[in-house]
Amino acid sequence: MKKILIRQCLLEKTRSRAASEVSTDDWTILVEGNTESFVGYDQLENEVRITRYRRIDSKKDGVLFQIVLNATPFYPEGGGQVGDRGILTSANETIEITDTKKENNLILHFAKQLPENLNGSFIAKVNSETRAHSQSNHTATHLLHQALRSILGTHVEQKGSLVSPNYLRFDFSHFAKVTDEELKQVETFVNAKIQEHLPLVERRNIPMQQAIDEGAMALFGEKYGDSVRAIRFGESIELCGGTHVKNTAEIWHFKILSEGAVAAGIRRIEAITNDAVKNYFNQQEKTLGEIKETLENPQDAVKAVNSLQDENTKLKKQIEQLLKEKAKNMKGEFASQLQEINGVKFLATEVDLDATGAKDLAYELGTLGDNLFIVFATSTDEKPMLTCYISKEIVASKGLNAGTVVRELGKFIQGGGGGQPFFATAGGKDVDGIPEALEKAIDFVK
């Protein structure tokens, strides 16, 4: 079995590698020399020319073209921030740019087709909406980093991030789960910085050591050159090549969606900002409206839900009591059905009870004496359940085990389970297998 699993893992790895295989053509050079530059910090649209291009073919994405522009406003994927999307237009056509990456100091624009006139002049235009949302999330990661270090401690270090237009993901070092109260404090801290309307203070191409001396934080795992770019919002100063809002007010609001562990000593927070938060609040309001409508529009929805929960708890207790009484009433009926086989009082049958009722009935019958072997089958909402009760005396004397019984019989209902030697249960998926499971139960006492 182990060898089969190893072979399957190797096969999956081979398939994965094959799916990601990419063949790349040589560059076609249109403009000699290293004339490329990035102007995306200051503008989202620029007149450009194509300096080189090449064709790539991957089994995953098919044929694509990588286009290099002389002065692009498109930000390439890096520092956790996803690459820009947008269009490349001329008087005659529009080419969609689906992604932007950086390779060997070249900014590569991915497109499914090439322009007809490769030597012409084009307008490169970044999708301003997705860029704005990415910037909002990127600046929020800086504020989040500052908040975590302030609230949890200066041992917190960024261990990775993802900044997309839709949400942000932030990995950081910390030794314990962040409590709900701490998460509230983090949210409050970040939103306070947003409300302060902190302006972006940007320092480009300053010496690395100067930036560090001025308080800039270098991030774990990032590679920096001799000259760096420092981003400051209030007291948050980090070395960063990504794009950011001009003022924290543009973020609008910050909302944490989840917090959890991703590795030993590494936690992850996922959060949203800007329009995503507006959509989140709108959805929450819609959900609340639906709840209130279901509750027939009470004045105090929370009080109504609490009242409903109290009522539900009382009803559950009443139902449990009724089922116990039902089990007691059924005790005599099923006691008369016990068969003696090889000194064992045996019964295997389907009962009109839920799993709890079947357990109560089994234990009621257990008060009748020793040497009992009982298997009950129940079905609730088309979900079968087997319950096995074996007197402790014959567990010891005959080596019977309820856990083994339900594991074997559970196969007939496409399920399984376990428990103690004298009591065990198994759930399944196929109610049609109940008759055969009950029929096979007798084999354990023959």
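A: In the largest pocket, at least two lining residues each come from β3 (37-38), β10 (99-103), β11 (106-111), α2, β13 (158-163), β15 (201-207), β16 (227-233) and β17 (236-239), helices (H or I, at least four residues) and strands (E, at least two) being DSSP runs numbered from the N terminus. The model is predicted, with local features needing pLDDT of at least 70 and side-chain atom pairs 80 or more, while totals for chains, interfaces and linings use all residues. Residues are numbered from 1 along each chain as its sequence is written, and side-chain values use heavy atoms, without hydrogens and water.

Q: Which element gives the largest share of the lining of the largest pocket?
A: β13 does, with 5 residues.

Q: How are two packed helices described?
A: The angle between their axes and the distance between the axes describe them. Here α2 (residues 128-151) and α3 (residues 180-195) pack at about 130°, their axes 9 Å apart (lines fitted to C-alpha atoms over the stretch in contact, with angles from 0 to 180 degrees between N-to-C directions). That makes α2 oblique to α3, a term for angles that are not under 35 degrees (roughly parallel), over 145 (roughly antiparallel) or 65 to 115 (roughly perpendicular).
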